[in-house]
Amino acid sequence: MKWLPILSILPSAVVAFQQASPVHRRKTALSFFPENFDRAEHCAVTDSCNLEELEQLADDLDRFQSSEMGRLQNRDDYIDTHRVSEMLHAQSELKHDMEEYVATHHVGGGHQPDTNASDSWEQSSPGLGLGLW
C-alpha cells in the first residue's frame, strides 16, 4: 500500500519531465520556389529563351538550392526545382551543340550540296540512271 501514493504521482512527474526536457526539432520544410522559378520553368519547357538566359537561370537555380533558403524547401519543391535546373542544363547544352553545328556546317546559309558526285556516277555508268535495271 505504500506504493500507491507514489504511483499516483508518477504520471504527473512524467508530464513535468517532458515539459522541462529540451525538444529536438527538425527544420521545418517550407513550400516555396526561388523568385525566378516561373521564368525558369517556362524556358525549360518551351523553346523561347536564348542560350545565355538558359545558362543564367540554371546557375541561379543551382545557387538557390545550395543556399540556406534552398535547403528549407520541402521535398517536392526541391525535386521540382532540381528537375527544372536539369532541363535548363540539357536544353542549354543542346542549343550550344546546335549553334556550333550550324556555324561549322553553314546550315541555313544557302549552302548547296555538292552534286558533282552524282553527276560523275551517271557519267561513269551510262544507262544506270535510265531505269534499265
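The side chains of Glu53 and Arg39 come together in a salt bridge, with N and O 2.7 Å apart. Because Glu53 belongs to helix H3 and Arg39 to helix H2 (residues 37-45), this pair ties together parts of the chain that are 14 residues apart in sequence. The structure described here is a predicted model, and its protein chain contains 6 helices and 0 strands. Read along the sequence, the protein chain follows the pattern α-α-α-α-α-α, and of its 133 residues 20% count as buried.

**Salt bridges**

- Side chains of opposite charge can pair when their charged atoms come close.
- The count of salt bridges in the model comes to 4, and one of them is the pair of Glu53 and Arg39 that opens this briefing.
- Both partners of that pair are partly exposed, since Glu53 has a relative accessibility of 24% and Arg39 has a relative accessibility of 35%.
- Another salt bridge is formed by Lys95 with Asp47, whose closest N and O atoms are 3.0 Å apart.
- This second pair links distant parts of the chain, because Lys95 sits in helix H5 while Asp47 sits in the loop between H2 and H3, 48 residues apart.
- Arg63 and Asp60 both lie in helix H3, where they are 3 residues apart, or about one turn of the helix.
- An α-helix has 3.6 residues a turn, so residues three or four places apart point the same way.
- Asp60, for its part, is partly exposed, with a relative accessible area of 23%.

**Helix H3**

- Helix H3, made of residues 51-66, has 16 residues and reaches 23 Å from its first C-alpha to its last, which is close to the 22 Å expected at 1.5 Å a residue.
- The buried residues of H3 are Leu51, Leu54, Leu57, Ala58, Leu61, Phe64 and Gln65.
- When H3 is seen down its axis, these buried residues fall within an arc of 165 degrees, and therefore they line one face of the helix.

**The disulfide**

- The structure holds 1 disulfide, and this bond joins Cys43 to Cys49 with an S to S distance of 1.8 Å.
- The torsion about the S-S bond of Cys43 and Cys49 is about -70 degrees, so the disulfide is left-handed.
- Both cysteines are buried, given that Cys43 has a relative accessible area of 0% and Cys49 has a relative accessible area of 2%.

- Val107 is partly exposed, with a relative accessible area of 45%, and it can belong to the patch because residues of a patch need over 30% relative accessible area.

Definitions and conventions:
Residues numbered from 1 in each chain as written. Predicted model: local features only at pLDDT ≥ 70, side-chain atom pairs only at ≥ 80, totals over all residues. Heavy atoms only, no water. Buried < 20%, exposed > 50% of the residue type's maximum accessible area, 1.4 Å probe, protein only. Disulfide = S-S within 2.5 Å. Helix = DSSP H or I, 4+ residues; strand = E, 2+ residues; numbered from the N terminus. Expected span 1.5 Å × (residues − 1). Arc of directions from axis to C-beta.
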